[in-house]
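Hello,

Here is the structure for you to look over. My notes on what turned up follow below it.

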Amino acid sequence: MEISANYTSYVAVGDSFTEGMSDLLPDGSYRGWADVLAGRLAARTPGFRYANLAVRGKLIGQIVAEQVDVAASMNADVITLVGGLNDTLRPKCDMVRVRDLLEEAVEKLAPSCRQLVLMRSPGRQGPVMERFRPRMEELFAHVDALAARHGALVVDLYGSAALGDQRMWDADRLHLTAEGHRRVAEAVWQSLGLEAEDDWQSPLPPALRSSWAARRVADAQFARRHLGPWIGRRLTGRSSGDGRPAKRPDLLPYEPYRPPSAGA
């Protein structure tokens, strides 16, 4: 690890987690941890370039087919790859195929960049997490093995109690809040050997427990607004990312988000 490393370019590969849902910006687009990380890297390196190829809903096969070769061709200093979790959340999941595809991605990306970064993704505390935990842990064990073989870094978010806190997750219970994304950016920043800005694993203040009635109302709203549509897409073979382009498809000089001007 290079404690005073100077990175000049970064490419993000993945699904909704890396696209930035649910870190919502005023214009309705998403920021997310990868954008936050890129902004911090750009602040210390003039001419820093950034691409984000991640698209919500993508399975690992789609990430390999649509993003990996493009990312490898960019020869960036840093590439982050987070994928496969959407596969593990499907009712039927061929974990052998998921592991093979992830290995294919790592074998292509690792030689193309100065530092490949993989992740053990965070998991929200609750019954859904328990249902899919065995698949997730199988995926993460494979991530660890691939990183050891190919010299990649692994950012362990899965073991973070702070990121498992339900308050770090948006109303859809699938995506981190803005604070959660900020903490992920800090975790990756530190894994790259850069000086810590704060403790990304610091616990939140004690939570005030809501009433039984309030929890049931929240559960009903979640089922109607998020769970029902999610199940509908699974049953019809659709994805929230169908036809959606990457938000930063080219490796270009980083430009921070600027809110639209009034009347624009």
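**Helix 8 and its surroundings**

Helix 8 (residues 178–191) has 14 residues and runs 20 Å from its first C-alpha to its last, close to the 20 Å expected at 1.5 Å a residue. The expected span is 1.5 Å times one less than the number of residues. Helices (H or I, at least four residues) and strands (E, at least two) are DSSP runs, numbered from the N terminus.

Before going on, some ground rules. This is a predicted model, so local features need pLDDT of at least 70 and side-chain atom pairs count only at pLDDT 80 or more, while totals for chains, interfaces and linings use all residues. Residues are numbered from 1 along each chain as its sequence is written, and side-chain values use heavy atoms, with hydrogens and water left out.

Back to helix 8. It is largely enclosed by the rest of the structure, because 10 of its 14 residues are buried. Buried means under 20% relative accessible area, exposed over 50%, and partly exposed in between (1.4 Å probe, protein chains only). The buried residues are G180, H181, R183, V184, A185, E186, A187, V188, W189 and S191. They pack against helix 1, helix 2, strand 4, strand 5 (153–156) and helix 7 (161–164). Contact here means heavy atoms within 4.5 Å. After helix 8 comes G193, with a positive phi near 85°.

**Helix 2**

Helix 2 covers residues 33–44. Its 12 residues should span 16 Å at 1.5 Å a residue, and its end C-alpha atoms are 17 Å apart, which agrees. The helix is mostly covered, with 9 of 12 residues buried. These are W33, A34, D35, V36, L37, A38, R40, L41 and A42.

Take L37, which lies in helix 2. L37 counts as buried because its relative accessibility is 0%. Leaving aside neighbours within four places in sequence, L37 is in contact with Y10, A185, V188 and W189. Among these, A185, V188 and W189 are also on the list of buried residues in helix 8. The C-alpha atoms of L37 and A187 are separated by 9.6 Å, although the two residues are 150 apart along the chain.

**The whole chain**

The protein chain has 9 helices and 6 strands. Of its 264 residues, 48% are buried. Among contacts with a separation of 6 or more, 77% join residues 24 or more positions apart.

**Cores**

A nonpolar core is a set of buried Ala, Val, Leu, Ile, Met, Phe, Trp, Tyr and Cys residues joined through side-chain atoms within 4.5 Å. The largest has 37 residues, and V11, V13, I79, L81, L109, L116 and L118 touch the most other members. Strand 1 (9–14), helix 3 (60–74), strand 3 (78–82), helix 5 (95–109), strand 4 (115–120) and helix 6 (127–150) each supply at least two residues of this core. Apart from it lies another core of 32 residues, among them A38, V117, W169 and L176.

I79 touches V11, V13, A71, L109, S112, C113, Q115, L116 and V117, not counting residues up to four places away in sequence.

**Cavity and pocket**

On a 1 Å grid over the protein atoms alone, a cavity is a set of points where a 1.4 Å probe fits but cannot get out; a pocket is an open set with protein on both sides within 12 Å along at least five of seven lines; lining residues have an atom within 4 Å of a point. Grid points are joined across faces, edges and corners, and a volume is the space filled by probe spheres set on the points.

There is 1 cavity of 30 Å³ or more. The largest cavity holds about 70 Å³. Helix 6 gives the largest share of its lining, 3 residues. The lining divides into 9 nonpolar, 2 polar and no charged residues. Ala, Val, Leu, Ile, Met, Phe, Trp, Tyr, Cys and Pro count as nonpolar, Asp, Glu, Lys and Arg as charged, and the others, Gly among them, as polar.

The second largest pocket has a volume of about 340 Å³. It is lined by 18 residues, with L25, S29, Y30, D35 and K247 nearest its centre. Its lining divides into 9 nonpolar, 1 polar and 8 charged residues.

**Backbone points to check**

A cis peptide bond joins M21 and S22, with omega about 10°. S22 is in the loop between helix 1 (16–19) and helix 2. N75 is not a glycine, yet has a positive phi of about 50°. N75 lies in the loop between helix 3 and strand 3.

Best wishes
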